[in-house]
Amino acid sequence: MSAPVLNTLLLVDDDATLRERLARALRERGYEVATAGGAYAAYELAQATPPDAIVLDLKMPDISGIEALRELLQIAPKARVLMVTGYGSIATALEAVRMGAWDYMTKPVDADQIVAALLRDPHAVEAKDAPVEQDPHSLEWMEWEHIQRVLTECDGNISKAAQVLGLHRRSLQRKLQKYPPQR
């Protein structure tokens with residue numbers, strides 16, 4: 001099977017510095033890149049010129065990347081969408097891929113990683129000789145992932161998620177206010 005042709009990219013991120021740095025690096029690699037600071041601007045750009053690929057931030061000020069993903073795939077159904085976020089969790093990754101994202105990456109990301117992810121077949125079987133992960137996730141990280149999964153299953157309802165987790169609502173809110181723990 002031949003490699004896909006990805007000439008035009010739409011880069012959607014509310015962090016202007018990161019967005020422009022990545023756009024410049026992708027242009028240097030020969031891609032035509034349009035940029036948007038939010039979902040609504042991305043919709044307009046995608047309608048004007050449907051992109052081959054979309055790099056979409058998960059957390060944006062106007063609406064979430066998950067909501068934007070649905071609309072962008074209706075506008076450009078053949079586009080490969082790469083979700084990127086600084087707040088990665090297994091739950092959000094699964095939700096994004098289930099909704100049609102091509103792949104999911106946590107920040108920081110660079111142009112080479114983005115291109116590799118967009119060109120990679122996510123359904124390809126990894127090599128059998130791939131090394132076993134030597135640095136497993138910490139217990140705190142696994143707890144964070146579990147909380148995020150339950151919260152997603154409860155549609156973001158903190159009271160309901162706290163009940164499912166057997167925590168007091170305020171305890172869960174305190175845990176959610178912290179940044180994700182390091183691996």
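Trainee: Which residues in helix 6 and helix 8 meet?
Mentor: Glu143, Trp144, Ile147, Gln148 and Leu151 in helix 6 meet Leu172, Lys175 and Leu176 in helix 8. Contact here means heavy atoms within 4.5 Å. Please note that this is a predicted model, in which local features need pLDDT of at least 70, side-chain atom pairs count only at pLDDT 80 or more, and totals for chains, interfaces and linings use all residues. Residues are numbered from 1 along each chain as its sequence is written, and side-chain values use heavy atoms, with hydrogens and water left out.

Trainee: At what angle do helix 6 and helix 8 pack?
Mentor: The angle is about 115°, and the axes of helix 6 and helix 8 (residues 169-177) are 11 Å apart. Axes are lines fitted to C-alpha atoms, for helices over the stretch in contact, and angles run from 0 to 180 degrees between N-to-C directions.

Trainee: Is the crossing of helix 6 and helix 8 left-handed or right-handed?
Mentor: Helix 6 and helix 8 cross in a left-handed sense. A crossing is left-handed if the near helix is turned anticlockwise from the far one by less than a right angle, and right-handed if clockwise.

Trainee: What about helix 4 and helix 6, at what angle do they pack?
Mentor: Helix 4 (residues 90-98) packs on helix 6 (residues 139-153) at about 45°, with 7 Å between their axes. The two are therefore oblique to each other. For reference, angles under 35 degrees count as roughly parallel, over 145 as roughly antiparallel, 65 to 115 as roughly perpendicular and the rest as oblique.

Trainee: Which residues make that contact of helix 4 and helix 6?
Mentor: Helix 4 contributes Ile90, Ala91 and Glu95, and helix 6 contributes Glu145, Gln148, Arg149 and Thr152. By class, the contact of helix 4 with helix 6 has two nonpolar, two polar and three charged residues.

Trainee: And how do helix 1 and helix 5 cross?
Mentor: The axes of helix 1 (residues 16-28) and helix 5 (residues 111-119) come within 9 Å and cross at roughly 65°. That makes helix 1 roughly perpendicular to helix 5. The crossing is right-handed. Leu22, Ala25 and Leu26 of helix 1 make the contact with Ala111, Ile114 and Val115 of helix 5. Those residues comprise six nonpolar, no polar and no charged.

Trainee: Stepping back, how many helices and strands does the protein have?
Mentor: The protein has eight helices and five strands. Helices (H or I, at least four residues) and strands (E, at least two) are DSSP runs, numbered from the N terminus. The elements run β-α-β-α-β-α-β-α-β-α-α-α-α from the N terminus on.

Trainee: Is Asp57 buried or exposed?
Mentor: Asp57, in strand 3 (residues 53-57), is buried, with a relative accessible area of 3%. Buried means under 20% relative accessible area, exposed over 50%, partly exposed in between (1.4 Å probe, protein chains only). Of the 183 residues in the protein, 40% are buried.

Trainee: With which side chain does Asp57 make a polar contact?
Mentor: The partner is the side chain of Lys107, at 3.4 Å. A polar contact is a pair of N or O atoms within 3.5 Å; within protein, one must be able to donate a hydrogen and the other to accept it, and residues adjacent in sequence count only if both atoms are side-chain atoms.

Trainee: What joins Lys107 and Pro108?
Mentor: A cis peptide bond joins them, with omega about 5°. Pro108 is found in the loop between strand 5 (103-106) and helix 5.

Trainee: Where does Asp155 lie?
Mentor: Asp155 lies in the loop between helix 6 and helix 7. Its phi is near 55°, a positive value in a residue other than glycine. Asp155 counts as exposed, at 72% relative accessibility.

Key. Nonpolar A, V, L, I, M, F, W, Y, C, P; charged D, E, K, R; others polar.
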